[in-house]
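Subject: Structure for your review

Dear colleague,

Please find below the structure that I am handing over to you, together with its sequence. I would be grateful if you would read the notes with the structure open beside them.

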Amino acid sequence: MIIDGKQIAQRQKEHIREEVATLAARYGRKPCLDVIIVGENPASMSYVRSKIKATEYCGFDGELIQLPASVSEDELLRVIRERNENDRVDGILVQLPLPKHINEQRVIETISPEKDVDGFHPSNVARLWLNEDAIVPCTPLGIIALLEQSGTVFEGRHAVVVGRSNIVGKPIAKLLLDKNCTVTIAHSRTADLAAVCKEADILVVAVGRPGVITGEMVKPGATVIDVGINRTDSGKLVGDVDYESAAPVAGAITPVPGGVGPMTISMLMYNTLKCYNQRITNLSRNNH
Ligand code: NDP
């Protein structure tokens, strides 16, 4: 079975769009996401375009702030702080990576946690690990939705996550743990990656290296989620999993493109709506 992320993401966006129409009529304003991009990295520009397109589809308000690659860190932090204070804005997204002269962690920590639609702020990370209500990073959230929609059984199953980044590997491992999977996290120092992967009922691969997983590393019938986004020399978009050899062995698999990518964007819409709802609830609580 091919897990059609594009279709699942589309359904989610339609649902959000309907909810936004109702909420806008009730509260007199739409959710608002401001997106900040620094420089003109083509991959980042393309991601940002997709995100803006999705906000428009869902009926959100928002502003795209394009800053030159030479912008100072102080100026970028000022732009973020202005939006933290601005009642119009529900969500702030700064497209990563940033130019080398800007401290990415400082930028992440400057975004107000309640407007942190990416879920990267330490306070959201802590809340996730403490099982408190948190803004959870979009890609891991999207992976769980893909697994749920494809009828994956979680409880008692062995999930292997390859990759331990803060934005994908670690949070998806935590979410799978919360679903009562037994979770193994593999990484570049894992001694026998093939043996570890072969144990997986659910295999999530977030490495950034094409073909790191091949068919003989996949347990027959396993569900394989390929997070990787890589460009071949000929410009073709491929994942981390060798699709040709893995698909015949897997019980279910996500394609690249059309798997995790679209879900990351629809989950960004979900997180923006969540920030909006939380701000409305807090405002009405403060007014009473
Ligand atoms: P990082 O570079 O931050 O992390 C990569 C991880 O892979 C590291 O933990 C590293 O191990 C591990 N790794 C590297 N080589 C190997 C190897 N040979 N065997 C096992 N593990 C290895 O990447 P990200 O998590 O940010 O992204 C991973 C991929 O997912 C990228 O292709 C990225 O573009 C894509 N991505 C896709 C998204 C989507 O929406 N579809 C969203 C976010 C990312 P170690 O820690 O030991 O160095």
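The notes below describe the ligand site, then the strands, and then some points of backbone geometry. Please bear in mind throughout that this is a predicted model.

The ligand site

In one, an oxygen atom of the ligand lies 2.7 Å from a polar atom in the side chain of Arg164. In another, an N or O atom in the side chain of Thr264 is 2.7 Å from an oxygen atom of the ligand. In the pair that involves Val227, the protein atom is a polar backbone atom, and it lies 3.4 Å from a nitrogen atom of the ligand. On its own the ligand has 930 Å² of accessible area, and the protein covers 71% of it.

The parallel strands

Strand β4 (residues 158-162) runs parallel to β5 and is joined to it by five bridges. Within this pairing, Ala159 stands opposite Val183 in β5. The two strands also belong, together with α7, to a right-handed β-α-β unit.

Strand β4 pairs with β6 as well, again in the parallel sense, over four bridges. Here the bridge partner of Val161 is Val204 in β6. Strand β6 is in turn joined to β7 (residues 223-226) by four bridges, and these two strands run parallel. In that pairing, Ile202 has Thr223 in β7 as its bridge partner.

Which way do the residues of β6 (residues 202-205) point, and are they buried or exposed? Ile202 and Val204 point one way from the strand, whereas Leu203 and Val205 point the other way, and all are buried.

Backbone geometry

Most peptide bonds are trans, and most residues other than glycine have a negative phi.

The bond that joins Leu96 and Pro97 is cis, with omega at about 0°; Pro97 is found in the loop between β3 (91-94) and α4 (104-110). The bond from Val256 to Pro257 is also cis, with omega near 0°.

Two asparagine residues have a positive phi. For Asn131 the value is near 60°, and this residue is in the loop between α5 (122-129) and α6 (138-149). Its relative accessibility is 57%, so Asn131 counts as exposed. For Asn180 phi is near 70°. Asn180 lies in the loop between α7 (169-178) and β5 (182-186), two elements of the right-handed β-α-β unit described above. With a relative accessible area of 45%, Asn180 is partly exposed.

Yours sincerely

Key
Residues numbered from 1 in each chain as written. Predicted model: local features only at pLDDT ≥ 70, side-chain atom pairs only at ≥ 80, totals over all residues. Heavy atoms only, no water. Polar contact = N/O pair within 3.5 Å; in protein donor to acceptor, adjacent residues only side chain to side chain. Areas by Shrake-Rupley, 256 points an atom, 1.4 Å probe, with all protein chains shown as cover. Buried < 20%, exposed > 50% of the residue type's maximum accessible area, 1.4 Å probe, protein only. Pairing = 2+ DSSP bridges. Right-handed = clockwise from strand over helix to strand, strands pointing away.
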